[in-house]
Amino acid sequence: MSFWKSLPHPFFMLAPMANVTDAAFRRVICKYGKPDVLYTEFVSADGLCSAGREALLIDLKYSEIEHPIIAQIFSAHPDKIFEAAKLIAELGFDGIDINMGCPDKNVMKQKAGAALIKQPELARELMRAAKAGAPNLPLSVKTRIGDVKNTLNEWLPVLLEEKPEAIIIHGRTRKEMSKVPARWETIKEAVEIAKGSGVKIIGNGDVVDVTDARNKVKETGCDGVMLGRAIFGNPWLFSEKIPSIKEKLEVMLEHTYLFEELLGEHKSFHIMRKHYKAYANGFDGAKELRIQLMQTENVADVEKIVKHYVESLH
Ligand SMILES: Cc1cc2nc3c(=O)[nH]c(=O)nc-3n(C[C@H](O)[C@H](O)[C@H](O)COP(=O)(O)O)c2cc1C
């Protein structure tokens with residue numbers, strides 16, 4: 001049975017974020033505040049079918065604690081989606097998601113991501129290919145409300161006809177990127193359009209915490225909410241716990257160890273700096289700490305800084 005059927009109502013999911021929600025951060029998140037569903041970062045299906053596949057497999061790494069976890073892929077080629085879906089099933093994922101919302105130029109150039117909003121027939125073919133490649137895995141699609149304007153009235157019915165298990169709607173157009181507030185009134189309209197289809201509608205955009213997410217469910221009637229940037233520096237987001245400064249810094253260090261252990265060979269340590277900026281925030285002395293952390297090059301540097309700071313708290 002698809003895990004989507006046994007989720008609580010409402011449910012809360014972790015958004016895919018490239019170079020942020022990697023295997024290390026997701027493991028930390030599961031330990032301190034596990035969401036109901038997790039997503040991998042997006043992975044190119046074309047790349048997974050190419051000689052460069054080995055390098056991309058690192059983005060599909062996950063640990064058992066993360067179930068249910070969905071692998072997100074992007075492509076404009078049904079044959080590549082088919083092959084990637086087969087691989088994702090073999091790797092033991094709980095679901096597949098096709099990205100139809102990414103506004104990044106590199107992805108758009110490939111006619112994938114948000115470019116699919118203007119290619120509804122291709123979007124349908126991709127969904128069918130995913131189902132054919134992994135007939136036992138539930139399919140979801142993550143998209144936006146339109147290309148340059150809100151066209152959800154036409155776009156959503158196209159997706160619904162292919163009967164995915166769920167559709168995640170980021171409440172902005174492709175053109176709006178992340179520059180305007182997410183339009184939750186449009187997510188409410190999406191819920192109306194999808195009524196009776198049996199497809200779950202999940203809202204996304206600007207949600208700051210679980211209380212905010214619950215309110216959005218009340219306002220819109222959506223089945224669940226996906227949270228992204230609110231997880232930065234706050235792996236407790238889904239447990240609603242407020243950590244002490246000491247806890248925050250110790251978990252930042254734990255995150256660093258895991259990054260080194262799981263991804264160190266494959267990814268630049270500089271990825272961690274984005275996290276340090278978020279962890280070292282909102283308390284006395286955070287700015288000075290941040291400046292020091294921005295200069296770190298390895299785990300030992302971070303260890304030293306955190307140890308020194310935590311001792312100074314006593
Ligand atoms: C750094 C970063 C990376 C992202 N990478 C992805 C991605 O790989 N796949 C995807 O569907 N969306 C991606 N997104 C979009 C988020 O999943 C989400 O839709 C967006 O941030 C809005 O939600 P939020 O306001 O809760 O962050 C990314 C966003 C950010 C900030």
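User: What makes a pair of atoms a polar contact?

Analyst: A polar contact is a pair of N or O atoms within 3.5 Å; within protein, one must be able to donate a hydrogen and the other to accept it, and residues adjacent in sequence count only if both atoms are side-chain atoms. In this predicted model, local features need pLDDT of at least 70 and side-chain atom pairs pLDDT 80 or more, whereas totals for chains, interfaces and linings use all residues. Residues are numbered from 1 along each chain as its sequence is written, and side-chain values use heavy atoms, with hydrogens and water left out.

User: How far is a polar side-chain atom of Gln72 from a nitrogen atom of the ligand?

Analyst: The distance is 2.8 Å, and the limit for a polar contact is 3.5 Å. An N or O atom in the side chain of Asn204 lies 2.6 Å from an oxygen atom of the ligand. For Arg229, a side-chain N or O atom is likewise 2.6 Å from a ligand oxygen.

User: How much of the ligand does the protein bury?

Analyst: The ligand taken alone exposes 610 Å², of which the protein buries 82% (areas by the Shrake-Rupley method with a 1.4 Å probe).

User: Why is Asn204 called buried?

Analyst: Buried means under 20% relative accessible area, exposed over 50%, and partly exposed in between (1.4 Å probe, protein chains only). Asn204 has 7% relative accessibility, so it counts as buried. Beyond its neighbours within four places in sequence, its contacts (heavy atoms within 4.5 Å) include Ile169, His170 and Trp184.

User: Why are the buried residues of helix H9 said to line one face?

Analyst: In H9 (residues 210-220), the buried residues are Val210, Asp212, Ala213, Lys216, Val217 and Thr220. Seen down the helix axis, they fall within an arc of 155 degrees (taken from the directions from the axis to the C-beta atoms), so they line one face. Their cover includes strand S1 (11-14), helix H8 (184-194) and strand S8 (224-227).

User: What caps the N-terminal end of H9?

Analyst: Asp209 does: one of its side-chain oxygens lies 3.3 Å from the backbone nitrogen of Thr211. After H9 comes Gly221, with a positive phi near 80 degrees.

User: What makes a set of residues a nonpolar core?

Analyst: Such a core consists of buried Ala, Val, Leu, Ile, Met, Phe, Trp, Tyr and Cys residues joined through side-chain atoms within 4.5 Å. The largest one here has 100 residues, and Met100, Ile169 and Val225 have the most contacts inside it. Helix H10 (residues 245-263) gives the most to this core, with eight residues.

Conventions:
Helix = DSSP H or I, 4+ residues; strand = E, 2+ residues; numbered from the N terminus.
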